[in-house]
Amino acid sequence: MAALQKSIDKRNALINATIELVNNDGFHATPMSKIAKMACVSPATIYLYFENKQDLVNKTYIEVKASYTAYAFATYNDAMSVQKGFEVIWKRIAEFKLKESAHAMFLAQCDNTPMIDEESRQEGIKHLQPLLNLWARGKKEGLIKPVSDYMLYAYAINPLSFLMIAQNRGSVTLDDEQMEQAYEAAWSSIKVCQ
């Protein structure tokens with residue numbers, strides 16, 4: 001049992017080192033040797049868990065995306081109205097991005113790089129299915145603009161990454177009032193104007 005835990009700990013150390021180094025140095029300035037050193041393992045140990053750097057980055061992306069979406073949807077249920085469901089999900093996403101900023105920053109980097117392969121991107125999108133289903137219901141009910149899910153995500157969710165980065169830099173402090181204003185702006189950007 002101790003050996004299994006040690007193996008899990010090493011893998012987690014590699015994942016955490018990857019996140020930290022990519023956030024600080026970018027994908028291309030993060031060689032496997034640097035990841036191994038930060039994780040306090042030999043470079044050969046990485047290959048016990050991952051085929052190569054691409055595999056390490058893709059698996060890290062999927063794991064972080066899974067924890068992000070698990071957090072985002074933890075208090076949501078399908079019985080909620082479209083507006084209430086969106087509010088619950090949006091606020092949980094905001095909370096995650098502000099509390100788990102290293103993970104959120106890593107996901108933002110992944111969104112803007114060709115380093116993540118298409119199979120992993122599609123797997124990441126599957127993790128967003130409750131939000132996509134909510135938007136589909138909202139479109140069907142005439143509450144959400146009939147535009148692509150990518151467009152909805154760009155206008156309603158991506159601005160949170162900008163706000164998180166601004167807060168991390170010390171440019172802004174997001175209090176409850178500002179977060180409520182940000183939510184209202186997000187909802188206004190995707191709802192059908194009546």
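Rings of Phe, Tyr and Trp (for Trp, the six-membered ring) pair if their centres lie within 6.5 Å; planes under 30 degrees apart count as stacked, over 60 as edge-to-face and the rest as tilted. By that rule the structure holds seven aromatic pairs. One of them joins Phe27 and Phe106. Their centres are 6.2 Å apart, with 55° between the planes, and the pair is tilted. Phe27 sits in the loop between H1 and helix H2 (32-39), and Phe106 in helix H6 (residues 101-111), so the pair ties together parts that are 79 residues apart in sequence. Helices here are DSSP runs (H or I, at least four residues), numbered from the N terminus, while strands are E runs of at least two. Both Phe27 and Phe106 are buried. Buried means under 20% relative accessible area, exposed over 50%, and partly exposed in between (1.4 Å probe, protein chains only).

The model is predicted: local features need pLDDT of at least 70, side-chain atom pairs count only at pLDDT 80 or more, and totals for chains, interfaces and linings use all residues. Residues are numbered from 1 along each chain as its sequence is written, and side-chain values use heavy atoms, with hydrogens and water left out. pLDDT is the predictor's confidence in each residue, from 0 to 100. The chain has a mean pLDDT of 93, and 98% of its residues reach 70 or more. Among the elements of the chain, helix H8 (residues 129-140) has the highest mean, 98. Helix H1 (residues 2-25) has the lowest, 88.

Back to the rings. Phe86, Trp90, Tyr183 and Trp187 are linked by ring pairs into a cluster. Tyr183 also has a charge over its face: Lys91 lies 5.2 Å from the ring centre. Such a contact requires NZ of Lys or CZ of Arg within 6 Å of the ring centre and within 35 degrees of the ring normal. Arg92 lies likewise over the face of Tyr71, at 3.8 Å from the ring centre.

Now the charges. Side chains of opposite charge can pair when their charged atoms come close. A salt bridge is a side-chain nitrogen of Lys or Arg within 4 Å of a carboxyl oxygen of Asp or Glu. The count comes to eleven salt bridges.

Look along helix H5 (residues 82-99), where Lys84 and Glu87 lie three residues apart, about one turn of the helix. Their side chains meet in a salt bridge at 3.9 Å, N to O. Lys84 is partly exposed because its relative accessible area is 41%. Glu87, at 19%, counts as buried. Glu95 and Lys99 also lie in H5, four residues apart. Their closest N and O atoms are 3.6 Å apart. Glu95 is partly exposed at 31%, and Lys99 is exposed at 59%.

Helix H7 (residues 118-126) holds Glu123 and Lys126, three residues apart. This salt bridge has its closest N and O atoms 3.9 Å apart. Lys126 is exposed at 55%, and Glu123 is partly exposed at 31%. Elsewhere, salt bridges that share partners join Lys84, Glu87, Lys91 and Glu180 into one network.

Finish on the surface. Val147, Met151 and Tyr155 form a nonpolar patch there, with about 280 Å² of accessible area together. Patches take residues with over 30% relative accessible area and no salt bridge, joining like charges within 9 Å and nonpolar side chains (Val, Leu, Ile, Met, Phe, Trp, Tyr) within 5 Å. Areas come from the Shrake-Rupley method with a 1.4 Å probe; for residues, only the protein chains shown count as cover. Met151 belongs to helix H9 (residues 149-156). At 42% relative accessibility, Met151 is partly exposed.
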